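The points can be checked one by one against the view below.

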Amino acid sequence: MTRTSLQCRECKKEYDTAFKYICEDCFGPLDVKYDFPSISKDTFSNREHTYWRYFELLPIEDKSNIVSINAGMTPLIKADKLGEKLGLNNLYIKNDSVNPTFSFKDRPAGVAISKAKEFGLSAVGCASTGNLASATAAHAAKGGFPCHIFAPSNIEMAKITQALSYGANYIAVDGTYDDANRIAAQIGDSKGIGIVNINMRSHYVEGSKT
Ligand SMILES: [Zn+2]
């Protein structure tokens, strides 16, 4: 018995959790459906200082599969001057640039790669030209996965240098970002590689809510 299943956003057909992201009947996207335990605010207090403190709300069955680089719990900064301009007395901005790879992408990438570990996949990757590549590569390094970054061949190398510093493999696609996305999808599906923002997307997006 698992805590989560998958459900088609369009026709509502349900599936056992598996390495899939598209409905077999209508090709609609699959979303994670939870069988939530009894939880309250107290459930999450006195836990680790990362977004994994919300374990019950995330689609990982076994804590031993968590691949964490200590992301989350970033500060809220009171934006007085912007608040004045907008007529808001209590405007706060979440500073996710202080995450380990400097963007909010550490949240979804971490959940997707933890799920890739739970699925027993042998490699991960993403189609990205920037922040997502870094977040995916860092979590892949932590989890011991080979990581393949699909991006156009004409990007500025500075954009992908951070990801390469974590040991990722850059697959340069002659074409646009859309072409890189399409090739990542085809190779991911045919080789069983967890492409975090494509064939792992059902689980990937769950990290964004943290
Ligand atoms: Zn469907």
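This is a predicted model: local features need pLDDT of at least 70, side-chain atom pairs count only at pLDDT 80 or more; totals for chains, interfaces and linings use all residues.

1. Next comes the metal site. Which residues are the protein donors of the zinc ion? They are Cys 8, Cys 11, Cys 23 and Cys 26, each through its SG atom, and they lie 2.3 to 2.4 Å from the ion. Along the chain, these donors follow the spacing C-x2-C-x11-C-x2-C.

2. The geometry of the zinc site is tetrahedral, with angles of 95 to 118 degrees among the four donor atoms. That label applies because four donors count as tetrahedral if all angles lie between 85 and 135 degrees.

3. Cys 26, at 32%, counts as partly exposed.

4. A search of the whole structure gives 10 salt bridges. Side chains of opposite charge can pair when their charged atoms come close.

5. Glu 14 and Lys 33 form a salt bridge through their side chains, with an N to O distance of 2.6 Å. This pair links distant parts of the chain: Glu 14 is in strand β2 (residues 14-16) and Lys 33 is in strand β3 (residues 30-34), 19 residues apart. Glu 14 is partly exposed, at a relative accessible area of 43%, and Lys 33 is partly exposed too, at 33%.

6. A further salt bridge joins Lys 20 and Glu 24, whose closest N and O atoms are 2.8 Å apart. Lys 20 has a relative accessibility of 23% and so counts as partly exposed.

7. Glu 206 and Lys 209 make another salt bridge between their side chains, at 2.7 Å from N to O. Glu 206 is buried, with a relative accessible area of 13%, whereas Lys 209 counts as partly exposed at 47%.

8. Where is Asn 65 placed? It sits in the loop between β3 and β4, the latter covering 76-78. Asn 65 has a relative accessible area of 13%, so it is buried. Apart from neighbours within four places in sequence, Asn 65 is in contact with Ile 60, Ser 114, Lys 117 and Glu 118.

9. Asn 46 is found in the loop between β3 and β4. Its phi is near 55 degrees, a positive value in a residue other than glycine. Asn 46 is exposed, with a relative accessible area of 80%.

10. Asn 70 is likewise in the loop between β3 and β4. Although Asn 70 is not a glycine, it has a positive phi of about 65 degrees. At 54% relative accessibility, Asn 70 counts as exposed, because the cut-off is over 50%.

Definitions and conventions
Residues are numbered from 1 along each chain as its sequence is written. Side-chain values use heavy atoms; hydrogens and water are left out. Donors are N, O and S atoms within 2.8 Å of the metal (3.2 Å for Na, K and Ca); water is not among the atoms, so sites may look incomplete. Four donors count as tetrahedral if all angles lie between 85 and 135 degrees; four count as square planar and six as octahedral if opposite donors are over 155 degrees apart and all others between 65 and 115; anything else is irregular. Buried means under 20% relative accessible area, exposed over 50%, partly exposed in between (1.4 Å probe, protein chains only). A salt bridge is a side-chain nitrogen of Lys or Arg within 4 Å of a carboxyl oxygen of Asp or Glu. Helices (H or I, at least four residues) and strands (E, at least two) are DSSP runs, numbered from the N terminus. Contact means heavy atoms within 4.5 Å.
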